Amino acid sequence: MALLLAIESSCDETAVAIVRGSVGGATEVLASEISSQIALHREHGGVVPELASRNHSLRLRGLVEFALTEAGVSIGEIDAFAATNGPGLASSLLIGSTAAKGMACATGKPFLGINHLEGHLLSPFLNQTSVPPHVALIVSGGHTLLLDVEGPGRYQKIGSTRDDAAGEAYDKVGKMLGLPYPGGPEIEKVAREGNSEAYDFPRSMLHEPHLDFSFSGLKTAVLYTLQREAGNISIPDIAASFQQAVIDILVQKAMRAAKLTGRGEVALSGGVSLNKALRAALQHACEQNGLALSVATPDFCADNAAMIAFAALLRFLAGETSPLDNDIHPNLPLV
Ligand code: KG4
Ligand code: ZN
């Protein structure tokens, strides 16, 4: 049994989690605390890095103490401390990573620097006893990735976005539609009242044989439609039609990835995986193609520290640790 404490501070959520697990056993999440900064950044229409890092440092100590209390453990009982070391905002990553290293130093326990994307990738398996071979679709604000996963730590990138990430497209279109930041959940809400066939937005690269994505043409098509039909526009119809285009692209590329790799399972993760229409469409497509689907529970879809703690636990149990001079990397690739 190992007890891990992890910090996630790559963007605008300050998060601390404590997990307990062993080789081959299910991982228990003893605490998963998140202090969201969305309200703080909303008035600026997006994340302001300096405000984010300052707030991470203000919130972190209290969150660590709260997580320890919630988990019913003392800091001395923690076997290793982990933090996201990239990708993300440099000044935000530094706060979490330095705090985790400080605790590791003070207690004489090891430190692990964890890739944020590995956290997302593994999050659908947090409550399971193993990570099966599968195709991973990670859809977040900064990334849209397809990976062929053999098991923990064995990943091969098979597709990624050539421009905007899916969540980024949601956020930019949300802004165009005058919706609050972040646009993703707002568009999903508004889209429920709209007709997804009202506008025939482009599905870029859908019929090309590779597994890469492009969302900037779709975003521009929404912009031109708004300019062309100013005054005569249905926001719900635009939102629903935009969302349908994103879902069609993601689902069809995921199905193609499963076919090309021969994997029998697909796993969906990242903030955009909170989208119920996407989850339902992917579930339907997987059923039609005889594929299993794993999706993170809603608590672990958007940025959280439990997924970082879980990724760290698997590495720690495999005998891996990071040196204390492990640096943060704003553009850290997963593979
Ligand atoms: O994984 P995440 O919390 O942070 C990053 O690592 O980027 O993802 C945040 C993204 C944002 O772009 C947000 O708009 C999007 O996830 N998002 C959604 C929904 N909830 C969050 N997109 C579509 N539908 C949602 N319900
Ligand atoms: Zn994320």
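E168 pairs up with K172 in a salt bridge (a side-chain nitrogen of Lys or Arg within 4 Å of a carboxyl oxygen of Asp or Glu), with 3.1 Å between the closest N and O atoms. This is a predicted model, in which local features need pLDDT of at least 70 and side-chain atom pairs count only at pLDDT 80 or more, while totals for chains, interfaces and linings use all residues. Residues are numbered from 1 along each chain as its sequence is written, chains are lettered from A and ligands numbered from 1 in the order in which they are written, and side-chain values use heavy atoms, with hydrogens and water left out.

Both partners sit in helix 5, four residues apart, so about one helical turn separates E168 from K172. Helices here are DSSP runs of H or I with at least four residues, strands are runs of E with at least two, and both are numbered from the N terminus. As a general point, an α-helix has 3.6 residues a turn, so residues three or four places apart point the same way. E168 comes out as partly exposed at 24% relative accessibility, and K172 likewise counts as partly exposed, at 31%. For these labels, buried means under 20% relative accessible area, exposed over 50%, and partly exposed in between, using a 1.4 Å probe and protein chains only.

The E168 and K172 pair belongs to a network of salt bridges that also takes in D164 and K219. D164 and K219 meet through their side chains at 2.9 Å, N to O. D164 is in the loop between strand 8 (154-160) and helix 5 (166-176), whereas K219 is in helix 7 (residues 216-228), so this bridge ties together parts 55 residues apart in sequence. Both D164 and K219 are buried. Elsewhere, R315 bridges to E320, again with the closest N and O atoms 2.9 Å apart. R315 is partly exposed at 23% relative accessible area, and E320 is partly exposed at 36%. The structure holds 15 salt bridges.

Aromatic pairs come next. Rings of Phe, Tyr and Trp (its six-membered ring) pair if their centres lie within 6.5 Å; planes under 30 degrees apart count as stacked, over 60 as edge-to-face and the rest as tilted. The count comes to three pairs. In one of them, the ring centres of Y170 and F242 are 5.1 Å apart with the planes at 85°, so the pair is edge-to-face. Y170 is in helix 5 and F242 in helix 8 (residues 235-261), which makes this a link between distant parts of the chain, 72 residues apart. Y170 is buried at 3% relative accessibility, and F242 is buried at 0%. F213 and F215 form a stacked pair, 6.1 Å centre to centre and with 10° between the planes. F213 is buried, its relative accessible area being 0%, and F215 also counts as buried at 0%.

The zinc ion (ligand 2) is held by H116 (NE2), H120 (NE2) and D303 (OD) at 2.0 to 2.1 Å. Donors are N, O and S atoms within 2.8 Å of the metal (3.2 Å for Na, K and Ca); water is not among the atoms, so sites may look incomplete. Along the chain, the zinc donors are spaced as H-x3-H-x182-D. H120 lies in helix 4 (residues 116-122) and D303 in the loop between strand 10 (292-295) and helix 10 (306-317), so the two tie together parts 183 residues apart in sequence. H120 is buried at 0% relative accessibility, and D303 is buried at 18%.

Helix 2 has a kink of about 40° centred on R59, where the bend at a residue is the angle between axes fitted to the seven residues ending there and the seven starting there. Its buried residues include H56, L60, L63 and V64. Just after helix 2, G72 takes a positive phi of about 70°.

Most residues other than glycine have a negative phi, and most peptide bonds are trans. The bond from G86 to P87 is cis, with omega near -10°, and P87 is in the loop between strand 4 (80-86) and helix 3. The bond from Y181 to P182 is cis too, with omega near -10°; P182 is in the loop between helix 5 and helix 6 (183-191). M205 is not a glycine, yet has a positive phi of about 65°. M205 is placed in the loop between helix 6 and helix 7 and counts as buried at 17% relative accessibility.
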